[in-house]
Amino acid sequence: VSTELMRDAAILARDKGVMMHTHLAENDEDIAYSLEKFGKRPGQYAEDLGWTGPDVWHAHCVKLDAQEIAMFARTKTGVAHCPCSNCRLGSGIAPLRGMYDAGVPVGLGVDGSASNDVGNLIAEARQAMLLQRVALGADAMSARTALEIATRGGADVLGRPECGRLAVGCRGDVAIWDTTGIESAGSWDPAALLLAGPTKVRHLIVEGRQIVRDGQVATIDLNAVIKRQNKLAHALKDQL
C-alpha cells in the first residue's frame, strides 16, 4: 500500500466519520522493512500519515518500542492484541502490560483463520495473561485485568462505551457460563474461573435476543451449517 493511499484513506475516513484499522509492527520483518523503506519505525510512519488517534486501532503491535507506546497513549490510538496468532506465527510477545499501564486503549482480537486455529476470545484472554507472565513474571497480569481487556478494553478501542460492561443504559449483551461442573470446583475467583474453566457459553444474549440457549445456537440450523462447511472444506482441499 502506497504512502499516498494510506494518507488519502485517513483523510477520507475522517471525512466520512468512520474508524480506521490496519496491522502494525507485527514482527521483526515489519520493523526492518519500515526502517529500510521509510527511514522510520512503524509507529512514527503511522503518525506521519495520520493513522493515529482515538479513531484508529492497529492489530498486533508486538514490536512497539517505548517511544511508540508513549505516542499511542498520548494520541489514544488503540491496539488489537492477538496473542494466539502471535504465538502461532512466532511473532513474539507484545508489550501488553506496558501498553496497558501507559494508558494505550487495548482490546483483544483473534486475527484470522489463516493465522489462528480458533476464534475464541476467552482463550485469547487466557493466552494474553499467560504470555505477560512468561515475559515479566508470575504476577505480571491478573485474570481480572485480562478479562477487562477482553471486554471493556475492546469496546473502548472501538469507540463503543455502551458495550463491554453490564450497566444501566448499555447494550443488553450478556454471556453466561456454567461453572457448576467438576472442572470449576474449588475456585473462588470468578474471573480466574472463567479463563481456566468452561470453554462454551451456556446462554448468550445479544441486544436482548437469545442467540445461544443451553449451549446450543438457537437462531440457525447448526447441523445444516456444519454439513455445508465440511462440504466446502473438502471441496477446497481437493483444489489444492
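**Cysteines, fold and selected residues of the predicted chain**

C170 is partly exposed, with a relative accessible area of 22%. The model is predicted, so local features need pLDDT of at least 70 and side-chain atom pairs count only at pLDDT 80 or more, while totals for chains, interfaces and linings use all residues. Residues are numbered from 1 along each chain as its sequence is written, and side-chain values use heavy atoms, with hydrogens and water left out.

C61 falls in another of these classes. It is buried, with a relative accessible area of 0%. A disulfide is defined as a pair of cysteine sulfur atoms within 2.5 Å. The structure holds zero disulfides. C170 is in no disulfide, and the nearest cysteine sulfur, in C163, is 7.8 Å away. For C61, the closest cysteine sulfur belongs to C82. That sulfur lies 9.4 Å from the sulfur of C61, which is too far for a bond.

The overall fold comes next. The chain has ten helices and eight strands. These elements are DSSP runs, numbered from the N terminus: helices are H or I with at least four residues, and strands are E with at least two. The radius of gyration of the chain is 20 Å. This agrees with a compact globule of 240 residues, because such a globule would have a value near 18 Å. The radius is taken over C-alpha atoms, and the globule rule is 2.2 Å times the number of residues to the power 0.38. Along the principal axes, the C-alpha atoms fill a box of roughly 55 × 50 × 40 Å.

Of its 240 residues, 36% count as buried. A contact means heavy atoms within 4.5 Å. Among contacts between residues at least 6 apart in sequence, 61% join residues at least 24 apart. The chain exposes about 13900 Å², and carbon and sulfur atoms supply 55% of this area. Accessible areas come from the Shrake-Rupley method with a 1.4 Å probe; for residues, only the protein chains shown count as cover.

Charges were also located. The chain has 26 positive and 29 negative charges, and their mean positions are 5 Å apart. Lys and Arg count as positive, Asp and Glu as negative; His and the chain ends are not counted. Each charge is placed at NZ of Lys, CZ of Arg, CG of Asp or CD of Glu.

H60 has a phi near 80 degrees. It sits in strand β2 (residues 56-60). H60 is buried, at 0% relative accessibility. E207 has a phi of about 50 degrees and is not a glycine. It is found in the loop between β6 (203-206) and β7 (209-213). E207 is exposed, at 53% relative accessibility.

Two further positions complete the picture. S91 lies in the loop between α5 (83-88) and α6 (96-102). It is buried, with a relative accessible area of 5%. Leaving aside residues up to four places away in sequence, S91 touches E26, N27, V62, K63 and N86. L136 is in helix α7 (residues 121-136). L136 counts as exposed, at 53% relative accessibility. T151 is 15 residues from L136 along the chain, and their C-alpha atoms are separated by 23 Å.

Methods:
Buried < 20%, exposed > 50% of the residue type's maximum accessible area, 1.4 Å probe, protein only.
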